[in-house]
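Here is a short report on one protein chain. Look through the sequence and the fold below before reading on.

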Amino acid sequence: MSTTTETAPVPDLPRAAPYPVDLEPGKDYYWCSCGKSQNQPFCDGSHKGSSFKPVKFTVDEAKKYFLCGCKLAESAPFCDGTHRKEKGLKRYNEFLLKANQDLKEKYDREAKLRKLMTASTVVAVVAIAVYHIVVPYHK
Ligand code: FES
Ligand code: FES
C-alpha cells in the first residue's frame with residue numbers, strides 16, 4: 001500500500017495585493033504564477049525548472065486591470081479578492097513568518113562570523129606580541 005501524499009507546489013508571494021496595470025487589446029500577456037518574476041505581475045522566465053507555468057491571457061478593452069499579486073486568485077490572472085480572505089491572509093502570515101525566520105538565521109550566521117573574526121584577531125595579536133617579545137632574546 002502506498003501512502004505517498006502529493007502536495008501542490010506553493011508559489012512565492014511577491015505582494016499581498018493586486019498590481020494595477022494598463023493593458024491593451026490585441027496583445028498577449030503572460031501572468032507570473034510562480035511569484036518569482038522580477039517583472040511582476042508578468043513572467044520573466046524565472047519559473048524555469050519548477051512546475052509552474054505562466055498564464056497567457058488577452059483583454060478585450062484598453063483599461064486598468066488588477067492582476068493578482070498574491071498568486072492565489074481562483075480567477076487568475078485577475079484579482080478576485082482572495083488576498084483579503086482567510087486563505088490569502090494565512091498565506092501572508094506564513095510569508096511573514098518565513099521572512100522573519102530567514103532574517104533571524106542570517107543575523108545568527110553574521111553574529112557567529114563576527115565572534116570568529118574577533119577570536120582570530122585576538123589570537124593574531126597575541127602571536128605577534130609573543131613573537132616580538134621572544135625573538136629578540138634569541139638573536
Ligand atoms: Fe513566474 Fe514565469 S516567472 S511563471
Ligand atoms: Fe491575489 Fe487579490 S491579489 S486575489
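## Elements and overall shape

Helices (H or I, at least four residues) and strands (E, at least two) are DSSP runs, numbered from the N terminus. This is a predicted model: local features need pLDDT of at least 70, side-chain atom pairs count only at pLDDT 80 or more, and totals for chains, interfaces and linings use all residues. Residues are numbered from 1 along each chain as its sequence is written, while chains are lettered from A and ligands numbered from 1 in the order in which they are written.

The protein has 1 helix and 4 strands. From the N terminus, the order is β-β-β-β-α. The radius of gyration is 26 Å, well over the 14 Å that the globule rule gives for 139 residues, so the protein is more spread out than a compact globule. That radius is taken over C-alpha atoms, and the rule is 2.2 Å times the number of residues to the power 0.38. Along the principal axes, the C-alpha atoms fill a box of roughly 90 × 50 × 30 Å.

## The helix

Helix 1 covers residues 86–134. At 1.5 Å a residue, its 49 residues should span 72 Å; the end C-alpha atoms are 71 Å apart, which agrees. The expected span is 1.5 Å times one less than the number of residues.

Helix 1 is hardly covered, with 1 buried residue among its 49. A residue is buried if 20 or more other C-beta atoms lie within 10 Å of its own, exposed if 12 or fewer, and partly exposed in between; C-beta atoms are placed from the backbone. In the protein, buried residues make up 15% of the 139.

## The core

The largest nonpolar core has 11 residues, among them Leu13, Trp31, Leu67, Leu72 and Ala73. Cys32, Cys34, Cys43, Cys68, Cys70 and Cys79 also belong to this core. Such a core is a set of buried Ala, Val, Leu, Ile, Met, Phe, Trp, Tyr and Cys residues joined through C-beta atoms within 7 Å.

Leu67 touches Trp31, Pro41, Pro77 and Cys79, among others, not counting residues up to four places away in sequence. Contact means C-beta atoms, placed from the backbone, within 7 Å.

## Backbone exceptions

Most residues other than glycine have a negative phi, and most peptide bonds are trans. The bond joining Gln40 and Pro41 is cis, with omega about 5°. Pro41 lies in the loop between strand 2 (29–31) and strand 3 (55–57). The bond from Ala76 to Pro77 is also cis, with omega near 15°. Pro77 sits in the loop between strand 4 (63–67) and helix 1.

Lys71 is in the loop between strand 4 and helix 1. Its phi is positive, near 65°. Lys71 is buried, because 26 other C-beta atoms lie within 10 Å.

Note on methods
Contact = placed C-beta atoms within 7 Å.
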